[in-house]
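Trainee: I have a new model on screen. Can you walk me through reading it?
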Amino acid sequence: MAFESRGVFALADLCPHPVVQAPMAGGASCPELAAAVSRAGGLGFLAAGYKTPEAMYREIQRLRGLTDRPFGVNVFMPQGQGVDPAALEAYREQLAGEAAWYDTPLGDTDASSDDAYDGKLAILANDPVPVVSFTFGCPTRTVCEAFAKVGTRTIVTVTSPAEALAAERAGADAVCVQGIEAGGHQGTHRDDPHADGTSAGLGLLSLLTEVRETVRLPIIAAGGLMRGSQIAAVLAAGASAAQLGTAFLVCPESGADPLHKQAMTDPMFPRTELTRAFSGRPARGLVNRFLREHGPYAPAAYPQVHHLTAGLRKAAARSGDPQGMALWAGQGHRLARELPAHHLVELLVSEVEAARQAVRSGSGALS
Ligand SMILES: Cc1cc2nc3c(=O)[nH]c(=O)nc-3n(C[C@H](O)[C@H](O)[C@H](O)COP(=O)(O)O)c2cc1C
């Protein structure tokens with residue numbers, strides 16, 4: 001099954017199948033998962049978010065030892081937004097009971113907010129990888145040009161047509177269009193709790209269509225995609241590939257916590273919500289006790305809230321309590337299938353073919 005090429009480069013040069021395994025910071029998208037996906041003909045991704053540049057590089061070297069297929073590395077853009085110290089202090093006080101319950105101190109909110117961006121870029125420039133993607137913002141034109149010079153393709157996550165335009169103007173090679181269905185953080189360039197909502201929070205198909213009519217860049221579609229039939233739908237709508245996180249999170253190769261994997265299809269967690277409770281930035285996770293209790297008043301303070309709750313989340317996982325963990329998941333989580341990653345890629349590809357065949361024969365929705 002071939003990619004449809006659009007714009008300045010064909011994603012098909014990187015991998016035969018239009019299936020991208022989403023970068024998942026926090027441990028899920030480890031070298032073993034990325035290698036299995038890339039070997040199966042998809043595009044595996046490492047997540048550099050929350051890691052030191054050295055730890056990121058160790059993962060790159062480990063992945064290179066597992067496969068010589070192309071792969072990507074995802075980095076977080078530095079966050080320059082001002083944070084309301086009073087709101088942060090109020091949240092710290094609200095979480096005092098959690099700290100007592102888990103017998104763990106709350107984290108240091110003065111920790112750095114640039115996620116070691118410059119250090120990571122320096123390593124990626126010095127020893128280039130096939131693809132670098134960015135979330136939580138748009139890199140400068142200088143950065144995109146520097147990567148282009150060393151043969152690295154750049155992808156920027158976007159959640160609105162305006163962000164897609166910014167990525168195009170910066171010289172990115174492609175955009176990853178992330179619908180509101182997506183698991184984990186929304187990659188919105190600027191987290192503005194007072195935004196007027198213009199085209200923010202769009203479902204994937206509407207957003208994808210708007211972005212396609214706004215920029216000429218190739219599009220990778222993300223958010224709630226769990227079956228090949230859904231991938232066929234976004235390809236038909238103009239995407240060049242689909243990026244799946246939740247679907248790969250439950251694979252045996254994924255480094256996600258076993259409690260996180262189990263929760264995906266546990267009837268105790270029937271739905272997801274966007275919340276700032278764990279990190280201070282909107283992210284979609286399974287609705288559990290922590291999210292229900294603290295989501296309603298968590299401040300817009302990323303990454304300060306991430307640092308504040310880090311110890312609590314670890315303590316909850318250690319004590320086997322999914323009600324205190326950040327159970328990031330997309331809206332399609334109940335469709336998760338626990339298959340080895342290469343089986344999952346093969347199954348998705350065969351489902352795309354079946355869906356296309358069904359459309360051609362006119363039997364699609366009625367069968
Ligand atoms: C556990 C988890 C962690 C994630 N971490 C990242 C990340 O580090 N960087 C990033 O760009 N996207 C991250 N995402 C978002 C994915 O790139 C993608 O947009 C999302 O998984 C797509 O929705 P789906 O989970 O419904 O497939 C994460 C998603 C999940 C589920």
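Mentor: Start with naming. Helices are DSSP runs of at least four residues, strands of at least two, and both are numbered from the N terminus. Keep in mind that this is a predicted model.

Trainee: In which loop is Asp-103 found?

Mentor: Asp-103 sits in the loop between helix H4 (96-102) and helix H5 (117-126). Check its backbone too. Asp-103 is not a glycine, yet its phi is positive, about 55 degrees.

Trainee: What kind of peptide bond joins Tyr-302 and Pro-303?

Mentor: Look at omega. For this pair omega is about 5 degrees, and the bond is cis. Pro-303 belongs to the loop between helix H12 (289-294) and helix H13 (304-318).

Trainee: Now the whole chain. How many helices and strands does it have?

Mentor: The protein chain has 14 helices and 11 strands. The globule rule gives 21 Å for 367 residues, and the radius of gyration is close to that at 20 Å, so the chain is as compact as a globular protein of that length. Along the principal axes, its C-alpha atoms fill a box of roughly 60 × 50 × 45 Å.

Trainee: On to the ligand. Which pocket does it take up?

Mentor: The ligand's space is the largest pocket. Around the ligand are 22 residues, and Pro-23, Asn-74, Gly-224, Gly-245 and Thr-246 come nearest.

Trainee: Which helix and strands each supply at least two residues of the shell?

Mentor: Strand S3 (71-76), strand S9 (241-244) and helix H10 (246-249) do. Then sort the shell by class. It holds 11 nonpolar and 11 polar residues, and no charged ones.

Trainee: How do I read the polar contacts?

Mentor: Look for pairs of N or O atoms within 3.5 Å. A ligand nitrogen is 2.7 Å from an N or O atom in the side chain of Asn-74.

Trainee: How much of the ligand's accessible area does the protein cover?

Mentor: On its own the ligand has 590 Å² of accessible area, and the protein covers 95% of it.

Technical notes
Residues are numbered from 1 along each chain as its sequence is written. This is a predicted model: local features need pLDDT of at least 70, side-chain atom pairs count only at pLDDT 80 or more; totals for chains, interfaces and linings use all residues. Side-chain values use heavy atoms; hydrogens and water are left out. A residue is near a molecule or strand if one of its heavy atoms lies within 4 Å of it. A polar contact is a pair of N or O atoms within 3.5 Å; within protein, one must be able to donate a hydrogen and the other to accept it, and residues adjacent in sequence count only if both atoms are side-chain atoms. Accessible areas come from the Shrake-Rupley method with a 1.4 Å probe; for residues, only the protein chains shown count as cover. On a 1 Å grid over the protein atoms alone, a cavity is a set of points where a 1.4 Å probe fits but cannot get out, and a pocket is an open set with protein on both sides within 12 Å along at least five of seven lines; lining residues have an atom within 4 Å of a point. A molecule sits in a cavity or pocket if more than half of its atoms lie within 2 Å of its grid points. Ala, Val, Leu, Ile, Met, Phe, Trp, Tyr, Cys and Pro count as nonpolar, Asp, Glu, Lys and Arg as charged, and the others, Gly among them, as polar. The radius of gyration is taken over C-alpha atoms; the globule rule is 2.2 Å times the number of residues to the power 0.38.
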